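I opened this structure for the first time today. These are my notes on what I looked up.

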Amino acid sequence: MPAERAGYTVTMFLIDVSPSMAKLRTVEIQDGPQGETSSVEMTNLQWSLQFVLLKIQEMIYHGRKTEQCGVVLFGTEGTDNIISNRSGGYDNVTEFIPIAQPNAATLAKIQALQPSTVNGDPVDAIIVGIETQDKYLGKKKTWTRRMVLLTDGENPIEVEDWELTVKKMNDLQIITSIIGIDFDDEEFGFEEEDKSNIKRENEKFYHRFASSLKEDYGIVGTAAFALQECVRPDVKMTKSALIGTTLRLGDIDVRAEEAVELPVKMSKCTALVRPASMKKFAKRVETAEEQTLRDVDDDESRKDVYAQLAMQTEYFVSKDENADDEKDEDEDEGKQGEDGAEKVDKEQLIRGFKYGASYAPCPDGQFPRLSTRKGIDICGFFSDKMVRRNLAMGEVQYVWADPSSGQTQVSFSSIVQAMLARGVVAIARWVSRDEMDPKMGLLIPREFEKVDCFLWLQMPFADDVRRYTFPSLENLFSKKGEVITKHPFIPTDEQMGAMDHFVDSMDLMQAGDKNEEGNREPWFDPRLSYNPAVHRIKQALFHAAVVTDLRTNPLPPPHPEVVKYLEPPRRVLKRAHDATVECKSVFKIKQVPKKVTRQRKDGHVRAEDDDDELLLLDQPSKSSLSKSASQIQSQESGNGNGEIKEKMDVDSETEPEFGDEAAPTARNGKADSVHLPTPQPSVTFVSQSQSASQDLSQAMELDDGRAQDRIVGVAYPLVDFKKGVKNGNLVKATEDLGFVIMDLIMKPFASRRKSEFIECMREMRSACLKEGENDAWNAFLRELKDVCVGSGVGNKGFWDIISDIGREISLIGESEAKKLGSSSDVSDSEAEKFIES
């Protein structure tokens, strides 16, 4: 498909509103997540207008001022068009919407259309559309002209002198689409039964009319197929604007006689497409003056007005606490924030870059850049076989010779042909504008049918590349340096063969549909693989813009073309079934059962592998602590060496403790470090035997209970959290503390540590608020509420305690965040409602 210039298009929509368009029809719509359908009755006009709405929504979505449209109605009770106003005639044809850039009001006007009581002539509407479009464009010969006729073909047509209309359309090169309601379409597989003679004759006329237009500028189709194709994802090829620059080979400053400098043009070859970004809106609050001017009787009829939020930045400097007493009492309080910070103007500030614990000031806003000159400088050549495709970065650009200079094109083409003959690529430095940062990349020669060019491909600097080393998967060595040939990590020949069979069976190169010769084509085609995020958001925007109630008419499922590559083809899955079974057997693959948290009574601890995490199953039993302490106490009492007074808050072996954390077991005079709950059991020993006290303290030695890769443990969570914040790891400490709290509250006897959890949450909230990590706290509190109240087991009692505390431990709202110079996406009312529910 040839590329078109984006925009610069005027489309005329000619819509039939004759009485026949009021005929009711039953339409099946998909309104469920699994593709459930329901039946809805609507008129032919309402059904066909969906095509016009979708086309206009495309124009609004792109937002180009040069993409415009107009709407002409035929079959209206009145007459208002450019020809009738000038010379009469062309009755029942109305210019409903003048040519302009469409907006939301355009959609609203079209949705409000209703069938009339008189018939209209579509040929008259075509002539009015041609004249209206031609008068608007005038001498703009480069603009694209389009015309869309929407009708049911049930009304008589005046077919005299229609050839003159076709000639005029050919002269103006108007691309015409005739969309008929229930028109016969062999390709689509639709043929209407009991078709009237008038409609049958009209369909023949429309086909003859469209075929008379030159260069395939005319097409006739049925409305059902047109609606189906409208929602199909499509990539529109557009022309990229040419940007002038200079290609240099050699040093033109030092050895100008040996250097080459050519004017070239650059244009985009690929461009990254991102989903539409969402904007934040808020209900507009009336001022006091507007409230007084507004009539009281209009309160009920008044509608809420929403306005887009704009970012406004203010700068405050925290005051020195020691200098508060020295300030004058007459100081202007209008320049102070609510927290005592002094407001300053942006002009008084100086940009600075963080340098360790201090800042390096930069009065000019940035440090001097590297002095560069606009253009592309070729630095050297190397073999194209040495190009590492995995290092490619960013978008690809074309580099063309200047189209206005024949001599430049010959010189440029000779460089491209020489590089192609030798199989080399050039490494070059590109500077888009003077004094801009340079980019390094490759110039890859390409020869097309009638033109030679380069492809610019940006490559990384040394600082951009991350290299990671991994041990060999094939060569294993023992501690003595001997080669290991048999090991669980080394696959056997049988395993290698099974995996080869599995990979071959999952081959997609012959998993697609059959071509004309009967051979299967590849299943995956990158040209037809669409970004689900882009097209799903686009579909949702289009649907919500034309639907008044999303509850009764929810968003339909995505188009099959969008999701067809998200699942492997059934043919391949069926073919790979035997290979999958073979792999499971050879590799002895079994489903790993879910780990059950239980406590062993024997105190056994298995040997831990290097890549294994500590399992709760393998922790010693908590009862070992009581036994060890009792044994030492009995030994010392029996020897008469002193008196031991013990006060220990340790439950019996038969009573399960909160969290099932284990205690250390004294073994051969040494204690193993394991997890204990917080608070620490209170133990007091009074002994005259120093050796017995040392043994007992070893038996009671506690571990901080930190899991692997976490900085907050279950033993002293608050201490660990404060330590993490002090070391600058607030985000990690918040995440780990939240994990510990949500893990422990779901275990037995969680109520024993409720005060400690509340204290931890207060500290976490305060730290997040001070450092501006409001989203981290809000996300944790929402997840905690889901765990306590939303889950099947939950801990509703703990959430009731949080609710009783109230607003001071709820979500961080806008006002709180604003006082400390940060922001929050949670309103104050939402925060209050959240903690109360």
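**Two helices side by side**

I began with H18 and H19, which are roughly antiparallel to each other, because an angle over 145 degrees counts as roughly antiparallel, under 35 as roughly parallel, 65 to 115 as roughly perpendicular and the rest as oblique. Their axes come within 11 Å and cross at roughly 155°. Axes here are lines fitted to C-alpha atoms, for helices over the stretch in contact, with angles from 0 to 180 degrees between N-to-C directions. Helices (H or I, at least four residues) and strands (E, at least two) are DSSP runs, numbered from the N terminus.

I noted the ground rules. This is a predicted model, where local features need pLDDT of at least 70 and side-chain atom pairs count only at pLDDT 80 or more, while totals for chains, interfaces and linings use all residues. Residues are numbered from 1 along each chain as its sequence is written, and side-chain values use heavy atoms, with hydrogens and water left out.

I checked the handedness next. H18 passes H19 in a left-handed crossing. That means the near helix is turned anticlockwise from the far one by less than a right angle; clockwise would be right-handed.

Which residues in H18 meet H19? I listed Leu730, Thr734, Leu737, Gly738, Ile741 and Leu744. On the H19 side are Phe757, Cys760, Met761, Met764, Ala767, Cys768 and Glu771. The residues of this contact divide into ten nonpolar, two polar and one charged. Ala, Val, Leu, Ile, Met, Phe, Trp, Tyr, Cys and Pro count as nonpolar, Asp, Glu, Lys and Arg as charged, and the others, Gly among them, as polar.

**The cores**

I then looked for the largest nonpolar core, and it has 37 residues. Such a core is a set of buried Ala, Val, Leu, Ile, Met, Phe, Trp, Tyr and Cys residues joined through side-chain atoms within 4.5 Å. Buried means under 20% relative accessible area, exposed over 50%, partly exposed in between (1.4 Å probe, protein chains only). Ile741, Met761, Trp777, Leu784, Phe798 and Ile802 have the most contacts inside this core. Helices H17, H18, H19, H20, H21 and H23 each give two or more residues to it. H19 gives the most, with eight residues.

I followed Ile741. Not counting residues up to four places away in sequence, Ile741 touches Phe757, Cys760, Met761, Met764, Phe780 and Leu784. Contact means heavy atoms within 4.5 Å. Apart from this core lies another, of 34 residues, among them Met12 and Leu213.

I turned to H5 (residues 162–172) and H6 (residues 197–211). Their axes come within 10 Å and cross at roughly 40°. H5 passes H6 in a right-handed crossing. Trp162, Thr165, Val166 and Met169 in H5 meet Phe205, Arg208 and Phe209 in H6.

**Two buried residues**

Is Thr11 buried or exposed? Thr11 is buried, with a relative accessible area of 6%. Thr11 lies in strand S1 (residues 9–16). Its contacts beyond four places in sequence include Met59, Gln68, Arg146 and Val148.

I found Ser505 in helix H10 (residues 493–505). Ser505 is buried, with a relative accessible area of 6%. The C-alpha atoms of Ser505 and Ala576 are separated by 5.0 Å, though the two are 71 residues apart along the chain.

**The whole chain**

The chain has 23 helices and 25 strands. Of its 837 residues, 35% count as buried.
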